[in-house]
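Good morning. I will go through one structure today, so please have the sequence and the model open.

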Amino acid sequence: MKRLLFALLLAAIVFYTVFPFYWAIVSSLKSGSALFIVEAWPADPTLANYAAVFRGQPFGRSILNSLLVASGVVGVSLALAVTASYALGRVAFRGRSLLLLSILSVSMFPQVAVLSGLFELVRALGLYNSLWGLGLTYMIFTLPFTVWVLTTFMRELPRELEEAAIVDGATPWVIVTRIFLPLLGPALAATGLLAFITAWNEFLFALTFTLTDDRRTVPVAIALMSGASAFELPWGQVMAASVVVTVPLIALVLVFQRRIVSGLTAGAVKG
Amino acid sequence: MAAVELRGVRKAFGRTAVIHGIDLEIRDNEFMVFVGPSGCGKSTLLRLIAGLEDADGGDILIGGAEVNDVPPAGRGIAMVFQSYALYPHMSVYENMAFGLTLARTARHTVEDRVRAAARTLRIEDLLHRKPRELSGGQRQRVAIGRAIVREPRVFLFDEPLSNLDAALRVAMRIEIAELRRQIGATMVYVTHDQVEAMTLADRIAVLNAGRLEQVGTPMDLYHHPANTFVAGFLGSPRMNLLAATVTDVNGAAVTAALPGGGRVRIPVIADGVSAGDGVTLGVRPQHTVPAGDADAVLPGTVFVVERLGAETFCHVRLADGQAVVTQAAGDVRVAAGDPLAVGIAADTAHLFTGDGRALPRHRRHPLAEPPAPVTPAAAAPPPSR
């Protein structure tokens with residue numbers, strides 16, 4: 001009985017989370033008025049929407065932009081966060097918890113609240129309508145949480161490991177790069193992935209700080225798709241585009257999920 | 001190979017002083033064991049020598065040179081940690097080679113040294129494995145190997161065996177003793193296990209609450225404890241400490257009145273105590289004798305009998321409520337409730353002043369000669385007494 005309930009609950013959760021994606025796939029395979037027929041699988045599946053997405057606008061360019069911005073943001077965020085978390089997690093200094101709290105509080109502002117300020121900043125730096133501007137502004141929300149998560153992981157690494165390295169003559173830089181970094185692998189994969197997804201999906205900044213089609217990222221490109229007339233929303237194409245940009249994310253998660261769950265520190269200390 | 005010298009070393013964490021000015025000389029090639037209850041500061045003292053903590057006062061000298069401001073890697077030390085602290089993502093070989101690689105040692109030298117250390121420790125077959133694929137004892141060997149390849153002047157061990165199970169601990173203890181004979185370097189070893197301390201040490205430093213209670217050879221501490229703390233800390237079961245009163249003092253002995261009315265003349269130097277003073281009588285359970293052979297007896301009633309097979313420990317309650325443990329033969333006929341007179345031999349009994357200081361004995365135990373230097377080269381003729 002208990003197992004049955006559990007299975008039912010699981011089924012409900014899976015249905016709830018998977019259904020929208022399933023519906024997007026189904027809709028993307030339909031064309032014309034078939035969109036408005038409720039059916040489990042299109043009677044006449046077609047890839048026309050997928051072709052139209054890439055024909056109607058520089059969608060390939062948008063994907064490339066998103067890829068560049070998201071991976072750039074992940075790379076820089078992780079590099080900064082690893083070094084910052086070593087300082088915040090391992091070095092005792094005055095004002096450490098204040099600093100940690102202020103980093104956290106930065107991420108509490110809603111995007112809209114910082115939008116106009118950031119706009120001025122981006123303009124002043126001459127980064128308007130450039131991918132650099134997007135990368136810079138995305139770090140506002142990726143950095144706080146990468147720093148926080150990595151600091152937590154860093155604190156849990158055994159102190160004696162660091163001390164053994166110190167006795168072996170390792171400098172802080174060597175400790176971070178050659179001892180801690182390999183051990184932080186799972187944490188890096190998890191936080192990096194989350195940062196990537198956030199940057200990949202970001203909409204408001206991308207809409208505000210870019211102007212031309214060739215600088216748009218995927219979410220903006222999808223939102224700005226238009227049909228034959230101003231009054232028609234090309235649902236089929238929107239769905240097709242959504243599927244195209246979601247698949248890489250799912251692939252990433254599947255690739256990294258083993259890294260995320262594996263406990264690499266096993267064997268470092270007793271146990 | 002180098003001597004280590006501590007001069008008035010002090011250390012506090014925040015406002016809590018953990019090391020209160022320790023002076024200690026660890027000789028070249030000596031195996032020194034720091035022992036004491038948890039929180040006594042023994043690990044902190046080791047970490048001060050390693051340079052993992054900075055002293056708040058005093059000087060630390062290694063090989064005659066002050067190293068107060070020298071980072072750990074520059075002190076010529078190697079440390080074996082309680083948790084082994086092996087780098088989990090590196091193979092055994094990489095673990096052992098890491099320090100040498102950082103010091104830009106030539107590749108073939110690294111290889112030679114790692115192989116040599118692996119041979120000594122019999123872990124040659126494990127060099128390509130990761131730490132997580134090793135057993136506790138193997139990890140411990142790798143940790144020791146990592147220390148050996150650095151060819152340090154001083155080895156520091158921080159409770160290296162306390163994570164192992166009892167049987168393995170005994171085996172590793174013997175291996176460390178063997179290893180010690182092979183590599184011959186100054187070693188400082190922290191433990192809370194008195195068996196490790198007694199069996200491994202050339203000299204033991206007993207610490208309590210951040211102070212040195214006594215430093216000496218194991219037999220010196222066992223037969224001539226300087227105070228009630230050392231007397232109670234070393235030896236198992238712990239020494240019986242009984243309240244007694246001095247009745248007579250002369251040049252040869254101090255006579256004390258025992259609980260239960262007996263008197264015993266103990267051949268110690270009075271050293272300031274006089275008739276009427278309250279003192280503490282110390283008798284190890286192993287040193288009690290049958291009532292017939294005794295210089296004095298403590299009459300009481302057995303309340304617990306612990307039989308270990310080879311020996312039996314009888315817990316005896318005296319008339320005034322004090323408890324005494326006595327060791328008897330394994331097959332002794334005794335049961336809880338029996339009356340038993342615990343016999344004391346004057347030449348193995350200890351006498352401590354009211355504040356816990358031992359009264360020095362006239363004759364030293366033959367095994368408790370002052371520590372002889374370890375290296376044959378530096379050996380001095382044994383002092384005659």
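Which residue in β9(B) is the bridge partner of Val35(B)? The partner is Val206(B). Please keep in mind throughout that this is a predicted model.

That pair belongs to two strands of chain B, β3 (residues 31-35) and β9 (residues 203-208). They run parallel, and four bridges join them.

Now the sheet around them. In chain B there is an open sheet of six strands, and reading across it the order is β6-β7-β8-β3-β9-β10. The pairing in this sheet is mixed. At the edges are β6 (77-80) and β10 (211-216) of chain B, each of which pairs on one side only. From one strand to the next, the twist averages 15°.

Helices lie against this sheet. α4(B) packs on it and touches β6 and β7 (154-158) of chain B. The direction of α4(B) makes about 175° with that of β6(B). Helix α5 of chain B, residues 166-183, lies across β3, β7 and β8 (186-191) of chain B. Relative to β8(B), helix α5 runs at about 165°.

Let me stay with α4 for a moment. This helix covers residues 136-149 of chain B, and Arg139(B) sits in it. Is Arg139(B) buried or exposed? Its relative accessibility is 6%, so Arg139(B) counts as buried. As a sense of scale, take Arg139(B) and Gln322(B): they are 183 residues apart in sequence, and their C-alpha atoms are 47 Å apart in space.

Which residues does it touch, leaving aside neighbours within four places in sequence? They are Tyr222(B), Ala345(B) and Thr348(B).

On to charges. Side chains of opposite charge can pair when their charged atoms come close. Over all chains, the structure holds 19 salt bridges. I will show three of them.

The next is in chain B, between Glu151(B) and Arg113(B), whose closest N and O atoms are 3.5 Å apart. Glu151(B) lies in the loop between α4 and β7 of chain B, while Arg113(B) is in helix α3 (residues 107-121) of chain B, so the pair ties together parts 38 residues apart in sequence. Glu151(B) counts as exposed, at 54% relative accessibility. Arg113(B), at 22%, counts as partly exposed.

The last pair is Asp202(B) with Arg180(B), with closest N and O atoms 3.0 Å apart. Asp202(B) is in the loop between α6 (194-200) and β9 of chain B, and Arg180(B) is in helix α5 of chain B, 22 residues away. Arg180(B) is buried, with a relative accessible area of 14%.

Finally, a helix pair in chain A. How are α8(A) and α9(A) placed, roughly parallel or roughly perpendicular to each other? Helix α8 (residues 172-183) and helix α9 (residues 185-201) of chain A pack at an angle of about 65°, with their axes 4 Å apart. They are therefore roughly perpendicular to each other. Leu181(A), Pro182(A) and Leu183(A) in α8(A) meet Gly185(A), Pro186(A) and Leu188(A) in α9(A). By class, that contact has five nonpolar residues, one polar and no charged ones.

Methods: Residues numbered from 1 in each chain as written. Chains lettered and ligands numbered in written order. Predicted model: local features only at pLDDT ≥ 70, side-chain atom pairs only at ≥ 80, totals over all residues. Heavy atoms only, no water. Axes fitted to C-alpha atoms, helices over the stretch in contact; angles between N-to-C directions. Parallel < 35°, antiparallel > 145°, perpendicular 65-115°, else oblique. Contact = heavy atoms within 4.5 Å. Nonpolar A, V, L, I, M, F, W, Y, C, P; charged D, E, K, R; others polar. Buried < 20%, exposed > 50% of the residue type's maximum accessible area, 1.4 Å probe, protein only. Pairing = 2+ DSSP bridges. Salt bridge = Lys/Arg side-chain N within 4 Å of Asp/Glu carboxyl O.
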